[in-house]
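Hi,

Here is the structure I promised to pass on.

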2 protein chains.
Amino acid sequence: MECLPLSRGHNFSAGPAALPEAVLRRAQAELLEWGTSGASVMEVSHRGKEFMAMAEQAEADLRGLLAIPANYKVLFLQGGATQQFAQIPMNLARPEQRADYIVTGDWGEKAVREAGSLVRAQVSATSAANNYTALPPRADWDLDPASAYVHYTPNETIRGVEFHEVPDVGGVPLIADMSSTILSRRIDVSRFGLIYAGAQKNIGPSGLVVLIVREDLLERCPSTLPKIFSFAEHAAQNSLLNTPNTFGWYLAGLVFQWLKAEGGLAVIEQRNRRKAETLYDFIDTSDFYANPVDRAARSWMNVPFTLADSALDAAFLQQSRDAGLLALKGHKLVGGMRASLYNAVEQASVDALVDFMRDFARRNG
Amino acid sequence: MECLPLSRGHNFSAGPAALPEAVLRRAQAELLEWGTSGASVMEVSHRGKEFMAMAEQAEADLRGLLAIPANYKVLFLQGGATQQFAQIPMNLARPEQRADYIVTGDWGEKAVREAGSLVRAQVSATSAANNYTALPPRADWDLDPASAYVHYTPNETIRGVEFHEVPDVGGVPLIADMSSTILSRRIDVSRFGLIYAGAQKNIGPSGLVVLIVREDLLERCPSTLPKIFSFAEHAAQNSLLNTPNTFGWYLAGLVFQWLKAEGGLAVIEQRNRRKAETLYDFIDTSDFYANPVDRAARSWMNVPFTLADSALDAAFLQQSRDAGLLALKGHKLVGGMRASLYNAVEQASVDALVDFMRDFARRNG
């Protein structure tokens with residue numbers, strides 16, 4: 001298929017975020033007629049053999065990429081990570097039970113607040129006092145061995161704070177909201193009781209959430225839960241309890257294929273490390289730009305930065321947009337700028353950003 | 001954009017169902033670069049001005065198509081109609097309160113079963129005794145004026161049974177699962193307290209659910225509900241409480257534009273009536289095919305039919321597929337065949353189906 005010339009920008013959106021262009025081109029080419037189905041992938045039954053085969057392949061590819069152990073179930077659900085803030089306590093805790101929350105940013109705050117009406121949700125460690133620019137030292141975490149689980153947010157998108165090691169929480173199941181870091185590097189899934197991730201950063205389009213849960217935890221799901229909220233029911237039905245987000249699942253499958261073709265997560269991890277280093281190194285050598293986060297906790301995925309003079313913010317945003325550098329405005333809670341460097345953002349885009357930043361500083365510094 | 005020759009079939013899928021080809025072509029053309037955004041519609045923030053403008057236009061177009069009164073909110077949510085089976089009682093009833101369910105098929109059965117743990121859900125009328133081939137006479141409905149609501153399923157997709165009039169239930173709010181009938185004809189929204197519909201028949205791709213709710217009912221939403229489940233919270237945030245299914249919302253917007261361009265629901269209604277009449281008339285004049293549903297309750301959207309000799313089912317399905325007639329297999333609960341005739345299915349497809357059926361009967365009768 002021949003397409004019109006494209007003027008796609010360098011996309012630094014925090015989410016929904018950039019997707020690999022090769023994936024978009026594949027989806028475009030087969031949007032009206034998918035495989036031998038005679039229809040769009042959006043127009044076929046989720047219980048038909050074409051869709052089921054695709055869905056199974058997507059799960060197998062994700063399992064391969066993350067080396068997910070056999071005693072974990074993989075679910076493709078709806079409602080985003082935000083719905084999981086409620087569904088996790090509904091499934092894995094009794095209302096009077098304690099659950100520990102490690103809060104290192106705004107998403108962790110939302111998670112513990114939503115859980116508050118469903119479980120005895122405890123902020124067991126927080127870096128709020130330093131404005132979420134560092135991680136609370138593990139030694140200061142107030143964990144209870146009797147808690148239902150320990151929940152944390154490995155990467156906080158708004159302030160760009162990331163755990164670069166999986167914390168040791170003993171025998172209590174560790175639950176991670178990996179929305180903005182899943183598939184950005186290798187992880188040891190066996191360290192977790194449950195991992196969940198909204199798709200719209202490194203997986204695919206929004207409206208899909210991937211959940212990876214250790215099988216023994218499914219025994220906790222109360223039989224009194226409405227079926228649609230029960231992880232155990234979704235697992236028993238291979239995520240086809242009701243009509244899933246079929247297009248999202250399909251596109252996620254294409255992203256998984258792309259990740260495999262690129263060489264898997266070891267390669268992706270190297271690229272992401274280099275992209276982040278490129279930008280942080282430039283910021284650190286500049287008097288014009290600054291990032292406030294503790295170097296040991298800086299996010300590879302989201303790099304917030306400020307200009308020495310915030311009166312220049314508007315000019316920076318306008319001129320960067322004119323230069324084809326998209327979505328650099330910081331979150332309204334922190335202001336300034338933010339560059340998100342998810343998997344589909346190429347080194348060339350980071351280089352273009354640094355070139356622009358250097359030039360802008362020279363003209364305005 | 002020039003495309004390869006297509007061999008799209010006549011798509012009779014019950015859902016996810018056929019989409020208008022013009023909509024798919026538009027989505028295909030702009031899949032990598034949407035408007036002036038420099039990115040795919042899947043790659044832009046749901047809080048950016050391009051997406052917000054599109055989302056507002058989609059809602060305005062839907063309001064125009066259905067003539068939705070100003071005192072109704074329109075929500076674009078996730079989780080499908082099945083999640084609404086639980087969310088509706090969670091939002092609109094107290095646990096000890098009675099809610100009346102009119103059950104005319106398998107979806108109504110599921111709705112009342114899921115509500116059972118959340119409210120005193122009462123089967124107040126059912127046509128199970130006649131195998132859901134007719135509607136229970138209104139005079140036999142056992143309604144309670146103190147009930148939280150009356151729930152029914154205007155169209156049942158599996159057995160093809162449809163209400164062609166909105167039932168009068170007095171002052172109790174009437175709630176309709178319109179997943180498979182919304183936008184197929186004009187309706188008087190003011191007769192309803194709440195309408196909900198999974199998108200994957202007449203609205204767009206799966207993974208999106210549209211909910212139309214009378215504002216005064218939002219006052220019932222318990223403040224103790226997790227926010228993500230609260231209609232009132234979603235309404236207050238214009239369905240941007242969390243990241244929505246952005247691609248689904250976008251595609252629904254294109255479908256609404258298409259419906260407007262086609263002439264609106266008065267035109268669509270005429271077409272749908274004619275499509276259904278074409279197929280039922282042929283079945284009724286045939287000794288080879290049969291539909292068991294009471295003529296007054298036959299669905300315009302889903303036409304199940306059987307062959308005189310079920311031993312010919314496999315040959316019918318294979319030969320129809322070879323002739324480009326897709327997805328005619330009946331639901332496993334009833335067997336036989338089913339042709340779904342949603343908005344995007346053209347009269348020419350129905351004519352092609354009847355031609356095939358006539359020929360198949362002649363060759364096998």
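This is a predicted model: local features need pLDDT of at least 70, side-chain atom pairs count only at pLDDT 80 or more; totals for chains, interfaces and linings use all residues.

**The annotated lysine**

I started with Lys201(A), where UniProt, in an unreviewed entry, places the feature "modified residue: N6-(pyridoxal phosphate)lysine". Where does Lys201(A) sit in the fold? You'll find it in the loop of chain A that runs between β9 (194–198) and β10 (209–214). Is Lys201(A) buried or exposed? Its relative accessible area is 12%, under the 20% cut-off, so Lys201(A) counts as buried.

As for its surroundings, leaving out residues up to four places away in sequence, Lys201(A) touches Ala14(A), Gly15(A), Ala17(A) and Ala18(A), and also Thr157(A), Ser179(A), Ser180(A) and Tyr342(A). With Ala14(A) there is a polar approach too: a polar atom of the Lys201(A) side chain lies 2.7 Å from the backbone oxygen of Ala14(A).

**The other annotations on chain A**

Arg47(A) carries a "binding site" feature in UniProt, again from an unreviewed entry. This arginine is in a loop as well, the one between α1 (21–29) and α2 (49–66) of chain A. Arg47(A) is partly exposed, at 43% relative accessible area. Setting aside its neighbours within four places in sequence, Arg47(A) is in contact with Met52(A), Leu240(A) and Leu241(A).

UniProt also has a domain annotation, "Aminotransferase class V" (unreviewed entry), over residues 11–353 of chain A. That span is 32% helix and 16% strand, and its end C-alpha atoms lie 10 Å apart.

**Where the two chains meet**

The contact between chain B and chain A draws 63 residues from chain B and 63 residues from chain A. How much area is buried between chain B and chain A? About 4,900 Å², with carbon and sulfur atoms giving 55% of it. On the chain B side, Leu32(B), Met42(B) and Glu43(B) stand out: they supply 15% of the area that chain B buries against chain A, more than any other three residues.

I get 30 residue pairs in polar contact across the interface of chain B and chain A, counting pairs with both residues at pLDDT 80 or more. Which helices of chain B take part? α1 (21–29), α3 (80–92) and α6 (246–262) of chain B each supply at least two residues of the side that touches chain A. The largest share of that side comes from α1(B), with six residues. By residue type, the side of chain B that touches chain A divides into 28 nonpolar, 26 polar and nine charged.

Two salt bridges turn up across the interface of chain B and chain A. One salt bridge to open in your viewer joins the side chains of Arg8(A) and Glu43(B), at 2.8 Å from N to O.

**Salt bridges**

Over all chains, the search of the whole structure finds 40 salt bridges.

Arg25(A) is partly exposed at 35% relative accessible area, and Glu21(A) is partly exposed at 34%.

Asp100(A) and Arg98(A) form another salt bridge, with their closest N and O atoms 2.7 Å apart.

The last one is in helix α9 (residues 347–364) of chain A, where Asp359(A) and Arg362(A) are three residues apart and so separated by about one helical turn. Their side chains meet in a salt bridge of 2.9 Å, N to O. Asp359(A) counts as partly exposed at 27% relative accessibility, while Arg362(A) counts as exposed at 61%.

That's it from me. Over to you!

Notes
Residues are numbered from 1 along each chain as its sequence is written. Chains are lettered from A and ligands numbered from 1 in the order in which they are written. Side-chain values use heavy atoms; hydrogens and water are left out. UniProt positions are given in the numbering used here, feature names are shortened, and annotations may be inferred rather than shown by experiment. Helices (H or I, at least four residues) and strands (E, at least two) are DSSP runs, numbered from the N terminus. Buried means under 20% relative accessible area, exposed over 50%, partly exposed in between (1.4 Å probe, protein chains only). Contact means heavy atoms within 4.5 Å. A polar contact is a pair of N or O atoms within 3.5 Å; within protein, one must be able to donate a hydrogen and the other to accept it, and residues adjacent in sequence count only if both atoms are side-chain atoms. Buried area is the accessible area (1.4 Å probe) that two parts lose on being put together, summed over both. A salt bridge is a side-chain nitrogen of Lys or Arg within 4 Å of a carboxyl oxygen of Asp or Glu. Ala, Val, Leu, Ile, Met, Phe, Trp, Tyr, Cys and Pro count as nonpolar, Asp, Glu, Lys and Arg as charged, and the others, Gly among them, as polar.
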